[in-house]
Amino acid sequence: MDVPTTMKKVTLFALSTCPACKRVKKFLDDNRIPYTLVEVDSLDGSEQWAATKELSRYNPQVSYPTVVIEDVVLGYDIDSLQAKLQ
Amino acid sequence: MSITADHLCEILGKYAASQGNQLNSDREFVLDVIAGLLKNEERYGYRSCPCRLATGVKERDEDIMCPCRYKDADIKDFGSCYCALYVSREWNAGTIPRMPVPERRPPKK
């Protein structure tokens, strides 16, 4: 059985009121791309603060929508590590 | 009685024309922006930009109350406001390139 040793983690930072965010969400849904949705304006105060702080690590302008696509390498996989780090 | 999306759309269209601009010709998109404006009005008491995170404190959000303080500069430089609600005639006609408008608002605001 083939076990994937690499995968991409996709996170969408969005606002529930933002049309561009909805279009990005639709694109991901239509293409069946698994992702984590962080709908920042729907969070309560402390969660919103934490999400904004997290988003600012990737996008200092803290604008929406922001899609973060991260590579994840599982296990001791030198080929994958080298490929991702190039 | 609260304003309907269609009525607000009509008013914003007249406002855009008075400024020498237009509303985005994609009516579905415009109504989506307006739905966001009305949601923010319900939440905060004012129509803050639906494409930006408001604080809920009017004094801190004044620059992003629609039409936002950055609209004219964004239309001048990119043909559309940050949200792509207000656009230039050229943007609607497709004679200038369309691109995501970078956030002009200072990040710490």
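**View 1. Overall course of chain A in the predicted model.** Along its sequence, chain A runs in the order β-α-β-α-β-α. In this predicted model, chain A therefore holds 3 helices and 3 strands. Its radius of gyration is 15 Å, whereas the globule rule gives 12 Å for 86 residues, so chain A is more spread out than a compact globule. The C-alpha trace of the chain spans about 40 × 30 × 20 Å along its principal axes. Of the 86 residues in chain A, 19% count as buried. Among contacts in this chain between residues at least 6 apart in sequence, 65% join residues at least 24 apart.

View 2. Phe13(A) belongs to strand 1 of chain A, which covers residues 6-14. Is Phe13(A) buried or exposed? Phe13(A) is buried, because 25 other C-beta atoms lie within 10 Å, and 20 or more are required for that class. Apart from residues up to four places away in sequence, Phe13(A) touches Val38(A), Val40(A), Leu55(A), Tyr64(A), Pro65(A) and Thr66(A). Between Phe13(A) and Ser46(A) there are 16 Å from C-alpha to C-alpha, and the two are 33 residues apart in sequence.

**View 3. The largest nonpolar core.** In soluble globular proteins, nonpolar side chains tend to be buried together. Here the largest nonpolar core has 36 residues, and those with the most contacts inside it are Leu15(A), Cys51(B), Cys81(B), Cys83(B) and Leu85(B). At least two residues of this core come from each of strand 1 and helix 1 (19-30) of chain A, and from each of helix 2 (27-44), helix 4 (71-78) and strand 2 (86-87) of chain B. Helix 2 of chain B gives the most to this core, with 4 residues. Leaving aside neighbours within four places in sequence, Leu15(A) is in contact with residues of chain A, including Cys21(A), Val40(A) and Tyr64(A), and with Pro50(B), Cys51(B) and Leu53(B).

**View 4. The contact between chains A and B.** How many residues does the contact take from each chain? Chain A supplies 13 residues and chain B supplies 11 residues. On the side of chain A that touches chain B, 8 residues are nonpolar, 3 are polar and 2 are charged.

**View 5. Helix 1 of chain A and the residue Arg32(A).** Helix 1 of chain A has 12 residues, which at 1.5 Å a residue should span 16 Å; its end C-alpha atoms are 16 Å apart, so the two values agree. Pro19(A), Ala20(A) and Cys21(A) are buried in this helix. Arg32(A) follows helix 1 and is found in the loop between helix 1 and strand 2 (36-39) of chain A. Arg32(A) counts as exposed because it has 6 C-beta neighbours inside 10 Å. Its phi is near 50°, a positive value in a residue other than glycine.

View 6. Most residues other than glycine have a negative phi, and most peptide bonds are trans. The loop between helix 2 (45-58) and strand 3 (66-73) of chain A contains Pro65(A), and the peptide bond from Tyr64(A) to Pro65(A) is cis, with omega near -5°. Val62(A) lies in the loop between helix 2 and strand 3 of chain A, and its phi is positive, near 50°. Val62(A) counts as buried because it has 21 C-beta neighbours inside 10 Å. In chain B, the peptide bond from Cys66(B) to Pro67(B) is cis, with omega near 0°. Pro67(B) lies in the loop between helix 3 (58-61) and helix 4 of chain B.

Notes: Residues are numbered from 1 along each chain as its sequence is written. Chains are lettered from A and ligands numbered from 1 in the order in which they are written. This is a predicted model: local features need pLDDT of at least 70, side-chain atom pairs count only at pLDDT 80 or more; totals for chains, interfaces and linings use all residues. Two residues are in contact if their C-beta atoms, placed from the backbone, lie within 7 Å. Ala, Val, Leu, Ile, Met, Phe, Trp, Tyr, Cys and Pro count as nonpolar, Asp, Glu, Lys and Arg as charged, and the others, Gly among them, as polar. A residue is buried if 20 or more other C-beta atoms lie within 10 Å of its own, exposed if 12 or fewer, and partly exposed in between; C-beta atoms are placed from the backbone. A nonpolar core is a set of buried Ala, Val, Leu, Ile, Met, Phe, Trp, Tyr and Cys residues joined through C-beta atoms within 7 Å. The expected span of a helix is 1.5 Å times one less than its number of residues. The radius of gyration is taken over C-alpha atoms; the globule rule is 2.2 Å times the number of residues to the power 0.38.
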